Amino acid sequence: PLLQAERSISGGGTARWGPVRPGLPVPLSSPLAGLTRAFRIKEPPKRKQVDRWTEKRALFGVYDNVGILGGFQMHPKNLIVGPKWLRGWRGNELQRCIRKKQMVGDRMFVDDYLKLTKRIRYLYRRFNRTGKHR
Amino acid sequence: MLRAGGPRVAAVAAGSSITSAVSSVTSAVSAALRGRARAGAAGVSSGPAAPAGTPAVTGTRTVPLSPVSPVSPVSPILRPCAVPVPCHRSPVQAWVESLRHHDDEFRGLTDLHPDVFAVRPRLDILHTVAMWQKNYKRISYAKVKTRAEVRGGGRKPWRQKGTGRARHGSIRSPLWRGGGISHGPRGPTSYYYMLPMKIRVLGLKVALTVKLMQDDLHIVDNLEIPTSDPQYLLDLARYRHWGRSVLIVDVNEIPEKISTAVAELKTINLIPALGLNVHSMLKHETLVVTLDTVTFLEKTLLWHDTRYSALYPFSMPYSDFP
């Protein structure tokens, strides 16, 4: 449907005196003017309300300098909560898989262990036998 | 003459040592106390009770602040620097306040070591340390299955030639709907790294300097408050224009009243001195520190300027440290 044609009425080039179509339910300037069926206008999504002062957010980062300020009896890497083979350590995917197998491999489910071994084999061949850096 | 407005006092021109300024400080402090007492007695009926419309005050009731100003003319607290200051630099000075009464703002003066509280304002180091604090603990648990891990897909779906369709080897290749992801996140990933110790120490020093120089650092003699009502602390912070959030740091054991008061508040937090860090200092608008904490911080942070590098980890005993 020609929405523009429904809405605009030109006076043949001359000036127009008076309202275009008097007695309209919706003014011509709104996006609903001239449309025969109801049209849902979407609004931008509202921001979700985030509480910036929860316990976790207010005390984030506390004890990060426990080593420097506390006589080096404790290292901040011991504060990290996470999988045992990743606490205070960083590596690429192959290194992570190998470390997981060394530290946790005998506790894993059988099929997970087999998938891990398969992945290590694939990554080893990929990194050490293909590409420019081998 | 010393200005009785902000917490930071312009260095006395006569000399850096605090002993030379005793008489002027005493007269200034007593003049300030007398001025406060007169103002307090005159305008106490209106009082600093927060109006109902402010968003910072939680709850509509206000604890009536005592009409009698407790600032009795005791000798002011004058604390010299714990660690000797190099001769080419002079210490920075700050007012010592007290939390016992809302008016108790000028208890004395303290010297602060310039190599901790007046270092160059390195914003890049603040950024580095803040980003380190955010990321070194991060472990991302995102993981997707590759084509080898997705269930199924061992058989060739149709023969290589003859059907007019494209050639495929398995129904779980990344081209297929429901297939594995070739380069997705793999397993729990850690983003751990450590910055050099001296950079983390310098980050603390820069943060303390910035807080002092922007009038957001308040030094308190101890953390005793008259009531364990959280509203008292809110009114105190409002009266003294501390801002929306306050971080209180102490070395010694924390008295019960203030810990119960702070436990119920969200934006006023209390941490031991071991927990001081750049992120918390930047998150809270004001930093309130006790005199013992200042001594502790000066000693701990200045040691790194003149130490030897570690031949073995510092956690093992050294003959001269601590």
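Reader: At what N to O distance do the side chains of Arg122(B) and Asp124(B) meet in a salt bridge?

Author: This is a predicted model, in which local features need pLDDT of at least 70, side-chain atom pairs count only at pLDDT 80 or more, and totals for chains, interfaces and linings use all residues. Residues are numbered from 1 along each chain as its sequence is written, chains are lettered from A and ligands numbered from 1 in the order in which they are written, and side-chain values use heavy atoms, with hydrogens and water left out. A salt bridge is a side-chain nitrogen of Lys or Arg within 4 Å of a carboxyl oxygen of Asp or Glu. The side chains of Arg122(B) and Asp124(B) form such a pair, with an N to O distance of 3.0 Å.

Reader: Is Asp124(B) buried, partly exposed or exposed?

Author: Buried means under 20% relative accessible area, exposed over 50%, and partly exposed in between (1.4 Å probe, protein chains only). Asp124(B) has a relative accessibility of 43%, so this residue counts as partly exposed.

Reader: How many residues apart in sequence are the parts that Lys205(B) and Asp305(B) tie together?

Author: The side chains of Lys205(B) and Asp305(B) meet in a salt bridge at 2.9 Å, N to O. Lys205(B) belongs to helix H4 (residues 197-213) of chain B and Asp305(B) to the segment after H8 of chain B, so the parts joined by this pair are separated in sequence by 100 residues. Helices (H or I, at least four residues) and strands (E, at least two) are DSSP runs, numbered from the N terminus.

Reader: Which residue is the partner of Asp115(B) in a salt bridge?

Author: Asp115(B) lies in helix H2 (residues 114-117) of chain B, and its partner in the loop between strand S2 (77-79) and strand S3 (92-97) of chain B, 26 residues apart. With an N to O distance of 3.1 Å, the partner is Arg89(B).

Reader: Which backbone nitrogen does the side chain of Thr293(B) reach?

Author: Thr293(B) is found in helix H8 (residues 291-303) of chain B, and is buried because its relative accessible area is 0%. Contact means heavy atoms within 4.5 Å; not counting residues up to four places away in sequence, Thr293(B) touches Val249(B), Asp250(B), Val251(B) and Ala273(B). At 3.4 Å, the side chain of Thr293(B) reaches the backbone nitrogen of Val251(B).

Reader: How many salt bridges does the structure hold over all chains?

Author: Some residues are linked in a network of salt bridges, namely Arg100(B), Asp104(B), Arg107(B), Asp221(B) and Glu224(B). Over all chains, the number of salt bridges is 15.

Terms used: A polar contact is a pair of N or O atoms within 3.5 Å; within protein, one must be able to donate a hydrogen and the other to accept it, and residues adjacent in sequence count only if both atoms are side-chain atoms.
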